[in-house]
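Here is a short briefing to read alongside the model. Have the viewer open and follow the residue numbers as you go.

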Amino acid sequence: MDGVEFRDVSFERAGRARILDGFTVTVADGEVVALVGASGAGKTTVLKLVNRMLLPDAGVVCVQGTDTREWDPIRLRRSVGYVIQEIGLFPHLTVADNIAVVPRLERWDVSRVDARVRELLELIGLPHDRYARRWPDELSGGQRQRVGVARALAVDPPVLVMDEPFGSLDPVTRRQLH
C-alpha cells in the first residue's frame, strides 16, 4: 500500500502519559487528512513518526508500503516533504537556497534546481526577482511560512506532512496556498 499507514501504533515519553495508544489510520496516495485536537493531543507526534524523527513503542508506521524502521532515515526524510510549526528556515541561507536544499542534496543539476526554485516562488506568491536573494530575517512571518511550504514541495515528494503550516498566514494567502 502506498501512502502512509499507522497500524496499532503506541508511543509514550518516559515517565509521562501515553501519547498514542493503538492509533490506526490509513492515508492513501492522493488523500488529504487533517488531524484536529487540543494542544498536546499528539498531532505533532504522529507527523514525527511518519518521517522517523520518532519511532513507535508498538505497532507499525509504513510510508510508501515500507515500515519506517526499514527505511534509511535520510532517504525517508528526503522523500517526505515536512512543513514544521516553527518554519525552520536556515538563517544563513537565502530564500532560494532554503528552497533548494533537498534538490541539491539529491544532486539535481543546477538548471533544474534553479527552474524549480523559480516555479515554487511564483506558486507561493513571492516573485523570484524580488525574493530569491532575500534572507529569512528580511521576510514577514507569513512569507517565511510560505518559503517553508515551498521547501517541503521542492522535490515533489510522494508524501507531504504539514504541522500547522498556515497558522501565521492571513486568510487570503491561506486560501491561495490551499
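This is a predicted model: local features need pLDDT of at least 70, side-chain atom pairs count only at pLDDT 80 or more; totals for chains, interfaces and linings use all residues.

Residues are numbered from 1 along each chain as its sequence is written, and side-chain values use heavy atoms, with hydrogens and water left out.

**Nonpolar cores**
- A nonpolar core is a set of buried Ala, Val, Leu, Ile, Met, Phe, Trp, Tyr and Cys residues joined through side-chain atoms within 4.5 Å, where buried means under 20% relative accessible area, exposed over 50% and partly exposed in between (1.4 Å probe, protein chains only).
- The largest one has 23 residues, and Val95, Ile99 and Val117 are among those with the most contacts inside it.
- Helix 3 (95–105), helix 4 (110–123) and helix 6 (141–153) each supply at least two of its residues; helices here are DSSP runs of H or I, at least four residues, and strands are runs of E, at least two, numbered from the N terminus.
- Helix 3 gives the most to this core, with six residues.
- Another core, of 18 residues, lies apart from it and includes Leu20 and Val159.

**Aromatic pair**
- Rings of Phe, Tyr and Trp (its six-membered ring) pair if their centres lie within 6.5 Å, with planes under 30 degrees apart stacked, over 60 edge-to-face and the rest tilted.
- The count comes to one aromatic pair: Phe6 and Phe23 have ring centres 5.1 Å apart and planes at 75°, so the pair is edge-to-face.
- Phe6 is buried at 3% relative accessible area, whereas Phe23 is partly exposed at 21%.

**Charges over rings**
- The charged end of Arg112 sits over the ring of Trp108, 3.6 Å from its centre; the rule asks for NZ of Lys or CZ of Arg within 6 Å of the ring centre and within 35 degrees of the ring normal.
- The charged end of Arg134 sits over the ring of Tyr131, 4.4 Å from its centre.
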